[in-house]
Amino acid sequence: MSEALSILVVDDDAVDRMAVRRALRDASLRAEVIEAEDADEAARKLAARAVDCVLLDLQLPGTDGASLLRSLRAGGNTVPVVMLTGHGDEQTAVEIMKVGASDYIPKSSLSSERLVRSVRQAIRLHAVEADAARARRQVEEAERRYRFLAESIPQMVWVARPDLSVEYVNQRWRRYTGFDLDAMNARTWGAIVHPDDLPTFLESWAEATSRGVTYEAQWRLRRSEDGAWRWHLHRAEALVSTEDGSVRWFGTSTDIEDQKRAERELARWAKDAERQRESSEEANRSKDAFLAVLSHELRTPLGSILGWAGMMRRGE
């Protein structure tokens, strides 16, 4: 805190305000001190400019310090506040902290060291809380974007742990399978995965999760609206939590039933073409054999005729 701080002192007693100024000056704390005599003046000054800390007297004329603090917090103002009170009992401290004060100092024990320590601590706490709030907003925004993306893409999206307990499914998954997040658990997979594919699914999942590699497999899922089993390509990547080391698998399921049908049609066409080729080759072989026999039969009598014709020309 090398830069000069701006501190608002709210107290209706000029002598007490002077004592706070003296305590800050004696501590060699570089600070711009702004003064207000009551809650209304303090509210106006806080609305006009930001300050680093407020030193607020609990006993103010009209609206007391606790009421002013509640009003500030209700309006979203999180400025750190150190309450100055003429009472030092523990119950007073608890009530003040509940309202939203960072610390409190009985005026009877006000000293430069105590005041500066409380101000610095309040500002540090406020900075930590601001960072935490900023981090929470970032996490919430990231989650909002993720959910938007998960609901926008044409695939079914799911998040599962290695034991197949499910933590998230998107709307496409819910519509297709008929199971929402509350209904999904490790046993539910047996109701939506084709019985013939279930052993392969469980085996491939166990292997991928144990090795920590990308999961990719094809198996059929039951469509809830008509009970049809359709082929899907399933892919999942592991994400390890930086907080507790837990692993979650972010997966997608893409309908490939049309592709599978096309592949079956192509395989059937190729098989038919192969049969036709074999039939054609067999027909060609039969034709060649027939022509060979016919050629032999034609050559045999033709040879005899040519022989007799030669003998006649020689006059034999």
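Visitor: Which residues line the largest pocket?
Guide: Keep in mind that this is a predicted model. The largest pocket has a volume of about 280 Å³. Its lining is made up of V139, E143, Y146, R147, V159, E167, Y168, R248 and F250.

Visitor: Which element gives the most to that lining?
Guide: Helix 5 (112-152), strand 7 (166-169) and strand 10 (247-255) each put in at least two residues. By class, the lining has five nonpolar, no polar and four charged residues. With four residues, the top contributor to the largest pocket is helix 5.

Visitor: And the second largest pocket, how many charged residues are in its lining?
Guide: That pocket comes to about 210 Å³. Helix 6 (171-177) and strand 10 each supply at least two of its lining residues, and the lining includes R172, R175, R223, E225 and D255. Sorted by class, there are three nonpolar residues, four polar ones and, for charged, five.

Visitor: Now V9: is it buried or exposed?
Guide: V9 sits in strand 1 (residues 5-10). Beyond its neighbours within four places in sequence, V9 touches R17, V20, V33, I34, E35, A36 and L55. Buried means under 20% relative accessible area. V9 has 0%, so V9 counts as buried.

Visitor: What share of the protein chain's residues is buried?
Guide: The protein chain has nine helices and 10 strands, and its accessible surface is about 19,500 Å². Out of its 316 residues, the buried share is 32%.

How values were computed. Residues are numbered from 1 along each chain as its sequence is written. This is a predicted model: local features need pLDDT of at least 70, side-chain atom pairs count only at pLDDT 80 or more; totals for chains, interfaces and linings use all residues. Side-chain values use heavy atoms; hydrogens and water are left out. Buried means under 20% relative accessible area, exposed over 50%, partly exposed in between (1.4 Å probe, protein chains only). Accessible areas come from the Shrake-Rupley method with a 1.4 Å probe; for residues, only the protein chains shown count as cover. Contact means heavy atoms within 4.5 Å. On a 1 Å grid over the protein atoms alone, a cavity is a set of points where a 1.4 Å probe fits but cannot get out, and a pocket is an open set with protein on both sides within 12 Å along at least five of seven lines; lining residues have an atom within 4 Å of a point. Grid points are joined across faces, edges and corners, and a volume is the space filled by probe spheres set on the points. Ala, Val, Leu, Ile, Met, Phe, Trp, Tyr, Cys and Pro count as nonpolar, Asp, Glu, Lys and Arg as charged, and the others, Gly among them, as polar.
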